[in-house]
Amino acid sequence: MLKGVGASSGIGIGTIVCIREESLDYSKVVFQGEAEEKARLKEAVDTFCEVTQEMAEDIRQRVGEKESEILSGQIMMLSDPFMTGQMEEMIASGSCAEAALDSVCQMYIEMFSNVDDELMRQRATDIRDIRTRMLRLLLGISSVDIASVPAGTVLAAKDLTPSMTVGLKKENISAILTEIGGKTSHSAILARALEIPAVLGIPQVLDQVSDGQQAIVDGESGEVILSPDEDTLKRYTAQWKEQQEQKAMLSVYRDRKTQDADGRNYELYSNIGSVAEAQIALENGAEGIGLFRTEFLFMDRTAMPTEQEQYEAYKAVSDIMQGKEVIIRTLDVGGDKEISYLKMESEQNPFLGWRAIRYCLEESDLFKVQLRALLRAGAEHKNIKIMLPLVTGVQEIRAAKQLLEECKQELAAQGIAYDDNIQVGIMIETPAAALIADLLAKEAAFFSIGTNDLTQYTLAVDRGNAKVENLYTTLHPAVLRSIRSIIRAAKEAKIPVGMCGEAAADPALIPLLLEFGLDEMSVSASSILKTRKIVSQWSQKETAEVEQKAMQLDEPQAVEEYLLSVCKR
Ligand code: PEP
Ligand code: MG
């Protein structure tokens, strides 16, 4: 068995086809004079751009704008006169076109590979791709045609380069295995967009598999079973079949409203951690974004993203969602989310320490950069809402709003457009917030219940500690009562209330949420259709009955058993 990062969920079963790099050795190429080599280089660049343009167009139609931009980006890089100029200089000093191209590309690959920023490192993948394809063109080597691999192929490659992805058709590719890449790499995003199971980051994958070998790929756990025995194959085939049937059945819910059996409407939003995920959420039928975890923009870098970088990310999500609501949470650093360059000292109890809104209010310069970016990003579509994490008191909302006012004044003085009416809501994820929800509702434009933390703090059970995992349950009577009273407080104050913790997609909890009167549920993109289906099956009469019974039970296990016994799937 091989193990890597489960980057695109689902079971894939098929036959391995290895994509190995051909020899691109050009040591025997003879320099034919400056003019001739420059002409060969130019011809190859022109062909590269032409072919890549066609690929970009094809992928734009089949997959999406974002994925096609990766290829357009390559055309831009290679047509940059600075880059080609460097190659021509080398040719002028006696290098053949292949050598000139190779050394310039290698220089950039090295430069981009050695930075901490994941996006920058992605540039190295792009240039590697440019180098390989350009060398193939110059040397006249034909490339592997992924588009024509047989159905049921499990593709194994060192890296899934952007140009290779153009041939990926989900009808033919059962799964993808690579050595390079993580959850946020382009290949992961694309695999998820195409719903192809993928396990990335498998060390030396090409040395461990061979063409024609059978493989079972679990894109969730990151496990790959090679040459499975008959029993294992049977088991996974049954699992695969069930997944396919479910997918086909769920697709009818993509363009439907989120309504229960009596026609009561709810909003079904998606949680995201990046711009690319917004596109995936929209394609999965999200009616809005209920939680954009912005801390992911701050991670895997050596310095904080600038106001402009943040603005571009928030604006891109605002654009993608086409006027639908986008709730963006301000930096939720601390707890288990470390950002090395912010130099936060380690604490005895990080979950009870200097985190989230507490950190931002003290580090107000950093916070204001984010607030300004959010205000600006909301200027055009006015669909952005700001959400504050880990609120425990009214004073925190007031202080944040005060900073927001300062940002507005600064932007106005600079003549920069912003959304003057941007709404500020809060996450209810601490017992303090739950207990004073009535007071908070006077300051907050909306609530979103963060059950991941609310459960941890209410039950005093560390959400990341495997030792007490059995005690961590949102179905505990204390948590359920807390959720009910938060929703009641919001209803009384007439402000919308949603839920963005994982529990929002828990089939067992859904009837209670509907009965309590939750307005919006925000779940991961892959849970949207299933959640919409479950909501559609519950009638008001049934949810009332479930609430009646469930809220009388006094032990978490009894609640769980009862809710599981009545839950719909
Ligand atoms: C939560 O606590 O429920 C939540 C949605 O936030 P996070 O999981 O990012 O802490
Ligand atoms: Mg939280």
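Where does Lys382 lie? Select it: Lys382 is in the loop between α14 (364–377) and β13 (384–388). Helices (H or I, at least four residues) and strands (E, at least two) are DSSP runs, numbered from the N terminus. The phi of Lys382 is near 55°, a positive value in a residue other than glycine.

Before moving on, two notes on the ground rules. This is a predicted model, in which local features need pLDDT of at least 70 and side-chain atom pairs count only at pLDDT 80 or more, while totals for chains, interfaces and linings use all residues. Residues are numbered from 1 along each chain as its sequence is written, chains are lettered from A and ligands numbered from 1 in the order in which they are written, and side-chain values use heavy atoms, with hydrogens and water left out.

**Stop 1**

Select His381. His381 also lies in the loop between α14 and β13. Is His381 buried, partly exposed or exposed? His381 is partly exposed, at a relative accessible area of 31%. Here buried means under 20% relative accessible area, exposed over 50%, and partly exposed in between (1.4 Å probe, protein chains only).

Now show what surrounds His381. Setting aside residues up to four places away in sequence, His381 touches Lys315, Ser318 and Asp319. Contact means heavy atoms within 4.5 Å.

Gln322 is in the loop between α12 (307–320) and β12 (326–329). Gln322 has a positive phi of about 50° although it is not a glycine. Its relative accessible area is 57%, so Gln322 is exposed.

**Stop 2: the magnesium ion**

Select ligand 2, the magnesium ion. Which protein donors does the magnesium ion have? They are Glu429 (OE) and Asp453 (OD), lying 2.1 to 2.2 Å from the ion. Donors are N, O and S atoms within 2.8 Å of the metal (3.2 Å for Na, K and Ca); water is not among the atoms, so sites may look incomplete.

Glu429 lies in the loop between β14 (423–428) and α16 (431–435), and Asp453 in helix α18 (residues 451–459), so the pair ties together parts that are 24 residues apart in sequence. Glu429 is buried, at 2% relative accessibility. Asp453 is buried too, with a relative accessible area of 3%.

**Stop 3: helix α18**

Eight of its nine residues are buried, so α18 is largely enclosed by the rest of the structure. Among the buried ones are Thr451, Asn452, Tyr457 and Leu459. The buried residues of α18 pack against β11 (289–293), β14, α16, β15 (447–449), α19 (477–493) and β16 (497–499). Just after α18, Ala460 takes a positive phi of about 55°.

**Stop 4: the cores**

Select Tyr314, Leu388 and Phe447. Of the 97 residues in the largest nonpolar core, these three touch the most other members. A nonpolar core is a set of buried Ala, Val, Leu, Ile, Met, Phe, Trp, Tyr and Cys residues joined through side-chain atoms within 4.5 Å. A second, separate core of 26 residues includes Val45, Met87, Leu101 and Leu135.

Now select Asp102, in helix α4 (residues 97–113). Asp102 is buried, with a relative accessible area of 10%. Leaving aside neighbours within four places in sequence, Asp102 is in contact with Tyr26 and Arg131.

**Stop 5: a cavity**

Which residues line the second largest cavity? Select Phe367, Leu371, Ile386, Leu388, Ala400, Lys401, Leu404 and Val424. A cavity is a set of points, on a 1 Å grid over the protein atoms alone, where a 1.4 Å probe fits but cannot get out; lining residues have an atom within 4 Å of a point. α15 (394–414) gives the most to this lining, with three residues.

How values were computed: 1 Å grid on protein atoms, 1.4 Å probe; cavity = no way out; pocket = protein on both sides within 12 Å on 5 of 7 lines; lining within 4 Å.
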